[in-house]
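Biologist: I would like to go through this model feature by feature. Where do we start?

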Amino acid sequence: MDDLFDVMGNSSRLAPLAERMRPNSIDDFVGQSHIVGVGKLLRRAIATDSLGSCIFYGRPGCGKTTLANIIANTTQSSFVKINAVSSGVADAKKIIEEAKDRLKMYGKKTYLLLDECHRWNKAQSDCVLSAIEEGYIIFIGSTTENPFISMTKAIVSRCRIFEFKNLGDEDIRIALDRALADNKNGLGNYDVQIDDKAMSHFIWAADGDLRTAYNALELAVLSTKPNQDGLIHVTTLISEESIQKKSLSIDESMYYDMLSAFCKSLRGSDSDGALYWSTRLIDAGCDPMLICRRLLVHSAEDVGMADPNAQLMATSAMFAMKNIGMPEGRIPLANSIIYVCEASKSNSVYMAISAAQEAVSNVKDDVVPLHLRDVNYKVEQVKGYKYPHDFGGYVVQDYLPDKLNGVTFYKPLNNGYESKLIRAKEIKANKG
């Protein structure tokens, strides 16, 4: 039924650009080709109206709610949407009762979309468990948090998890171009000229968040006064103001060269170089969180087990930057950069995981040895397992598939903390 107080359609006309531009068809959906590309499971399930309970999770602006709306428009079932922030047990129970009646009387399924589903506590989550199991509702949760950590295991175990990735630059460009050309829902009725550098800045500064890009574009167009010919000219300065983020003062090639210099300074234990290039990048407009992410990766890749505290320091810097921001966040960041640079270096962890990945790719007959199998369901077969604590905490036995017996992935170097691990390995080998 139409809203009697919205006979002119003001609510949709005045909605933000991001809301107006939500696609209604899977064919118009942008990004997430790894789960909704042609032939992918989720796309097939939506097309055949056979989607089971699932959880969409990923960063804001990557298409979770949009895809849920597409499902609502595609399915022949009823579709109810609530938000975990403003809804509780009573709301869910009412929806479930209505879903039961709908299924019994009309044979019609009900989808329940719960936005911000990680906000529900255990009591709230438990109220929908039986309804999911008995098929009264098909649950679709949407969250920015990792559901394996933020949600109750009972709900997660009953849902298929789909991880949404950040949108790529080309995805965002396609969406913004559509908005500029759309006369009905977008900005097509405005005579807009956007400088190439300004458009690139919208895309870069959005950092994979399409909603951010839409909001900035709309603000830039609506707040820019047309010239005498009625043309709205969006410059780089306007794009910076609209998205509240400084554009890079260096070209793309120099940006990647400086980032490479920063990473190589970390690996080369040069604190001065790492501090300079990280500061130069941030001064040029680079997101400080990018520096934090690279620092965390290199703390594991280039320091690793030679000094396990390096990774903790890098994680602390990221936490501080996220919660404090600039300019104060640069101090713990600098502290962690110096620590990672001055720490003993070892790439043994990187080499170990690379070797394990290669083994996984090449070894096909990787049957779990009998003595390592789950004792709970095949008691008669699980024989020979030695409980390490019965032998003082360590006992020699095989933990790899038979085809990989004797293979060593992790080979510690004689640097820092790893020198202690080498001696510990020697002691264990002598026990064997």
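Modeller: With a helix pair. Helix α16 (residues 271-283) and helix α19 (residues 330-342) pack with their axes 9 Å apart, at an angle of about 145 degrees. This is a predicted model.

Biologist: What is the handedness of the crossing between α16 and α19?

Modeller: The crossing in which α16 passes α19 is right-handed. On the α16 side, the contact is made by S271, A274, L275, S278 and I282. On the α19 side, L333, A334, I337, I338, C341 and E342 take part.

Biologist: How should I read the spacing of residues along a helix?

Modeller: An α-helix has 3.6 residues a turn, so residues three or four places apart point the same way. Take α11 (residues 169-181) as a case. Its buried residues are I172, A175, L176 and A179. Seen down the axis of α11, these buried residues fall within an arc of 95 degrees, so they line one face of the helix.

Biologist: Which exposed residues does the face of α11 turned away from its buried side carry?

Modeller: That face carries E170 and A181. The buried residues of α11 are covered by elements that include α2 (17-20), α12 (196-206) and α13 (210-223).

Biologist: What span is expected for α11, and what does the model give?

Modeller: The helix has 13 residues, and at 1.5 Å a residue the expected value is 18 Å. From its first C-alpha to its last, α11 reaches 18 Å, close to that expectation.

Biologist: How far apart are the end C-alpha atoms of helix α6?

Modeller: They are 25 Å apart. Helix α6 (residues 89-106) has 18 residues and should span 26 Å at 1.5 Å a residue, so the two values agree.

Biologist: Which residues of α6 are buried?

Modeller: A92, I95, I96, A99 and R102 are buried in α6. They cover an arc of only 125 degrees around the axis, which puts them on the same side of α6. The buried residues pack against β2 (78-83), β3 (110-115) and α8 (129-133). Turned away from that buried side is a face with the exposed residues A90, K94, K104 and M105.

Biologist: Now the charged pairs. How many salt bridges does the count come to?

Modeller: The cut-off is a side-chain nitrogen of Lys or Arg within 4 Å of a carboxyl oxygen of Asp or Glu. By that rule the count comes to 8 salt bridges. One of them joins R22 and E19, with the closest N and O atoms 3.0 Å apart. E19 has 41% relative accessibility and therefore counts as partly exposed.

Biologist: Which residues are linked in a network of salt bridges?

Modeller: R267, E301 and D302 are linked in this way. R267 and E301 meet at 3.6 Å, N to O. This pair links distant parts of the chain, with R267 in helix α15 (residues 252-267) and E301 in helix α17 (residues 288-303), 34 residues apart. R267 also forms a salt bridge with D302, where the closest N and O atoms are 3.0 Å apart. R267 lies in α15 and D302 in α17, so this pair ties together parts that are 35 residues apart in sequence.

Biologist: Is D302 buried or exposed?

Modeller: D302 counts as buried because its relative accessibility is 7%. R267 is partly exposed, with a relative accessible area of 38%.

Notes. Residues are numbered from 1 along each chain as its sequence is written. This is a predicted model: local features need pLDDT of at least 70, side-chain atom pairs count only at pLDDT 80 or more; totals for chains, interfaces and linings use all residues. Side-chain values use heavy atoms; hydrogens and water are left out. Buried means under 20% relative accessible area, exposed over 50%, partly exposed in between (1.4 Å probe, protein chains only). Helices (H or I, at least four residues) and strands (E, at least two) are DSSP runs, numbered from the N terminus. The expected span of a helix is 1.5 Å times one less than its number of residues. The arc is that of the directions from the helix axis to the C-beta atoms. Contact means heavy atoms within 4.5 Å. Axes are lines fitted to C-alpha atoms, for helices over the stretch in contact, and angles run from 0 to 180 degrees between N-to-C directions. A crossing is left-handed if the near helix is turned anticlockwise from the far one by less than a right angle, and right-handed if clockwise.
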